[in-house]
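Keep the viewer open and follow along.

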Amino acid sequence: MIMYSPNMTMYYPTMLPQKMDKVLVLLNCFPSLHVPHHLPSSPPISSTSTSPPSPTRRALSLSIISLSTALFSIPVFSCPAASSATSITDFLDLPNSGGVKALDLRIGSGPVPDEGDQVAIHYYGRLAAKQGWRFDSTYDHKDSAGEPVPFVFTLGSGKVIAGIETAVRSMKVGGVRRVIIPPSQGYQNTTQEPIPPNIFDRQRLFTTIFNPTRLANGEGSTLGTLIFDIELVSLRNQ
């Protein structure tokens, strides 16, 4: 754990998320791959500085640590065959996405949805600002028979956060994709879906993202960063 002191000079890794290519491999799916379970070492921390770092720099440092923790700790729905390991590389910027980054954990074999289609997804959502706290998962939403209920929405309806719609548009049915959604493509208000059904999770999520004090301190660019694992279960043409 990195302890923060006002007299420390903090060094900030610049490899996230563009340079995490060789670190953010599928740890659980490919145990034969030798992947470090920690970030590459940063320059040493100096305790001789007399000027404390600004709140914005400290927020950036903490958000990087939180995002790294979240990416390493998320379980995936299912692992692809070991033979497909060579096709899984880096997080890529999705075109015209506003900064959404994606890593395909499993390539689907079904059709790609069109605008206006009704799609059903399973997801596992985490908040980077809370060190990868899981705020919701469709696998916790059960029907009367105890089976998980997918989240269903119409693609292009605007009711769902933009980052999820962007991610789903280029997926094939059966695929699983991990996405890093920047605040601008995440929750813009408390009515956008998906909304955690648990009231305590919902309150914690929104009071973190829309915290006025932290927003005033310049943390708006990091508070709402989301990490989703999304499985495209099915679609229905409209």
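## The overall layout

Reading from the N terminus, the elements of the protein chain go α-β-β-β-β-β-α-β-α-α-α-β. That comes to 5 helices and 7 strands, where helices (H or I, at least four residues) and strands (E, at least two) are DSSP runs, numbered from the N terminus. This is a predicted model, so local features need pLDDT of at least 70 and side-chain atom pairs count only at pLDDT 80 or more, while totals for chains, interfaces and linings use all residues. Residues are numbered from 1 along each chain as its sequence is written, and side-chain values use heavy atoms, with hydrogens and water left out.

Of the 238 residues in the protein chain, 41% are buried; buried means under 20% relative accessible area, exposed over 50%, and partly exposed in between (1.4 Å probe, protein chains only). The chain exposes about 12400 Å², with 54% of that coming from carbon and sulfur atoms (Shrake-Rupley method, 1.4 Å probe; for residues, only the protein chains shown count as cover). Take the contacts between residues at least 6 apart in sequence: 74% of them join residues at least 24 apart, a contact being heavy atoms within 4.5 Å.

## Rings that meet

The whole structure has 8 aromatic pairs. Rings of Phe, Tyr and Trp (its six-membered ring) pair if their centres lie within 6.5 Å; planes under 30 degrees apart are stacked, over 60 edge-to-face, and the rest tilted. One of the pairs is Tyr123 with Phe151, edge-to-face at 6.0 Å centre to centre and 85° between the planes. Tyr123 is in strand S3 and Phe151 in strand S5 (residues 151-154), so this pair ties together parts 28 residues apart in sequence. Both Tyr123 and Phe151 are buried.

Trp133 and Phe135 make a tilted pair, 6.2 Å centre to centre with 50° between the planes, and these two are buried as well. Ring pairs link Tyr123, Trp133, Phe135, Phe151, Phe153, Tyr187, Phe206, Phe210 and Phe228 into a cluster.

## Salt bridges

There are 8 salt bridges here, each a side-chain nitrogen of Lys or Arg within 4 Å of a carboxyl oxygen of Asp or Glu. Asp229 and Arg178 form one of them, at 2.7 Å, N to O. Asp229 lies in strand S7 (residues 226-236) and Arg178 in strand S6 (residues 176-181), so the bridge ties together parts 51 residues apart in sequence. Asp229 is buried at 0% relative accessible area, and Arg178 is buried at 6%.

Salt bridges with shared partners also join Glu115, Glu165 and Arg169 into one network. Within it, Glu165 and Arg169 meet at 3.4 Å, N to O. Both lie in helix H2 (residues 162-169), 4 residues apart, or about one turn of the helix. Glu165 counts as buried at 6% relative accessibility, whereas Arg169 is partly exposed at 31%.

## A histidine in strand S3

Buried or exposed: which is His122? It is buried, with a relative accessible area of 7%. His122 sits in strand S3 (residues 118-127), and its side chain makes a polar contact with the side chain of Thr138 at 2.7 Å. A polar contact is a pair of N or O atoms within 3.5 Å; within protein, one must be able to donate a hydrogen and the other to accept it, and residues adjacent in sequence count only if both atoms are side-chain atoms.
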